[in-house]
Amino acid sequence: MPSRRTAFVVLVAALLAGGAAALVARGAAPPATPQVGASDERRAFRGRHRGPLPPQAMRTFERYLYRPVHPDEVLREFYFTRLAYSGHMYRGFAGSWSIDYPKADRQFMVGLKRLLDQLDAYDYDHALPATDPELFRFPFLYSVEVGYMALSPPEREALRRYLLAGGFWVIDDFWGSWEWANLERELSLLLPEYPIVEIPLDHPIFHCFYDVEEIIQVPNVGQGRYGGPTWEQDGFTPHVRGIFDEDGRLLVVINWNTDLGDAWEWAEDEWYPVRFSHYAYQMGVNFVVYAMSH
């Protein structure tokens with residue numbers, strides 16, 4: 001009898017131990033499929049952006065790659081998409097496309113979602129190179145410091161197809177005659193059949209949400225905090241210029257001798273004049289409304 005009791009106790013203990021081990025294993029190990037899938041997605045995401053990224057921009061882009069919510073995790077109607085382009089060295093480092101990135105982009109989205117509460121928009125920054133095939137999903141594109149832009153032939157071809165297919169490109173934060181000359185050269189190679197023209201103040205882009213009656217020169221954060229001057233280099237007069245196709249569709253908006261991005265980025269700064277941020281948000285909202293409705 002003692003031996004039977006002993007055997008019974010050993011059997012029960014073995015069953016309990018096995019069950020406990022199975023429970024522990026089940027609790028400790030995450031579900032295989034989602035974990036593997038998520039890991040593969042992260043690798044694919046990083047690989048996708050490492051491949052076609054212009055080498056000059058990769059280091060800065062990688063630094064800010066993390067986002068609390070992945071752009072593909074929950075699909076939205078609108079993404080504030082910044083163009084990651086090839087370019088020359090800017091103030092000693094590469095990646096002029098990433099100036100003010102990602103704070104300006106994220107802060108603009110905070111204001112945009114408050115002002116356009118019906119817009120289903122992604123909350124964070126979203127940068128893509130022109131050669132990424134996913135670019136065609138996003139009708140709105142934003143660029144800065146284009147005085148240092150140097151598009152490669154594949155980038156130029158992809159960006160041209162994007163614009164002719166319905167894309168809308170907003171250019172901002174570049175100053176003076178020599179930076180203008182660089183952009184003018186790039187655009188002459190990109191869209192040689194269309195001229196650059198001044199956009200008149202009665203154009204719908206100045207009135208589609210806010211009525212903008214005057215072009216204001218928006219200074220960078222340093223000069224704004226210290227009371228000016230508002231201009232940089234020889235860029236004394238602000239302009240809003242554009243490129244239209246043969247049907248009158250606006251493809252490109254060029255904000256020259258002004259810095260809307262800094263006014264978004266530093267809108268919460270008590271030393272930065274609120275009138276500049278106010279104007280910059282009005283212009284930005286109009287650009288988004290126009291892009292999403294034309």
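**Figure 1. Contacts across the whole chain.** In this predicted model, 76% of the contacts with a separation of 6 or more join residues 24 or more positions apart. The chain has 294 residues, and 48% of them count as buried. Its secondary structure comprises 9 helices and 7 strands. The accessible surface comes to about 14600 Å², with carbon and sulfur atoms contributing 60% of that area.

**Figure 2. Strand β1 and its two partners.** Here we look at β1, which runs over residues 81-84. In a regular strand, side chains alternate between the two faces of the sheet. In β1, T81 and L83 lie on one side while R82 and A84 lie on the other, and all four are buried, leaving both faces covered. Strand β2 (residues 126-129) pairs with β1 in the parallel sense, over 4 bridges. In this pairing, A84 sits opposite P129 of β2. Strand β3 (residues 140-144) is also paired with β1 in the parallel sense, here over 2 bridges. To find your place in that pairing, look for T81, which stands opposite L141 of β3.

**Figure 3. Helix α6 and its buried face.** Next comes α6, made of the 15 residues 176-190. At 1.5 Å a residue, this helix should span 21 Å, and the distance of 21 Å between its end C-alpha atoms agrees with that. Which residues of α6 are buried? They are G176, E179, W180, N182, L183, E186, L187 and L190. Viewed down the axis of α6, these buried residues fall within an arc of 160 degrees, so they line one face of the helix. What do the buried residues of α6 pack against? Their neighbours are helix α5 (153-164) and the strands β4 (168-172), β6 (239-244) and β7 (250-256).

Figure 4. Is F276 buried or exposed? Its relative accessibility is 5%, so F276 counts as buried, the cut-off being under 20%. Leaving aside residues up to four places away in sequence, F276 touches I216, Q217, V218, P219, T230 and A263. One of these, P219, is 57 residues from F276 along the chain, yet the C-alpha atoms of the two are separated by 7.9 Å.

How values were computed
Residues are numbered from 1 along each chain as its sequence is written. This is a predicted model: local features need pLDDT of at least 70, side-chain atom pairs count only at pLDDT 80 or more; totals for chains, interfaces and linings use all residues. Side-chain values use heavy atoms; hydrogens and water are left out. Buried means under 20% relative accessible area, exposed over 50%, partly exposed in between (1.4 Å probe, protein chains only). Contact means heavy atoms within 4.5 Å. Accessible areas come from the Shrake-Rupley method with a 1.4 Å probe; for residues, only the protein chains shown count as cover. Two strands pair if DSSP finds at least two bridges between them. The expected span of a helix is 1.5 Å times one less than its number of residues. The arc is that of the directions from the helix axis to the C-beta atoms.
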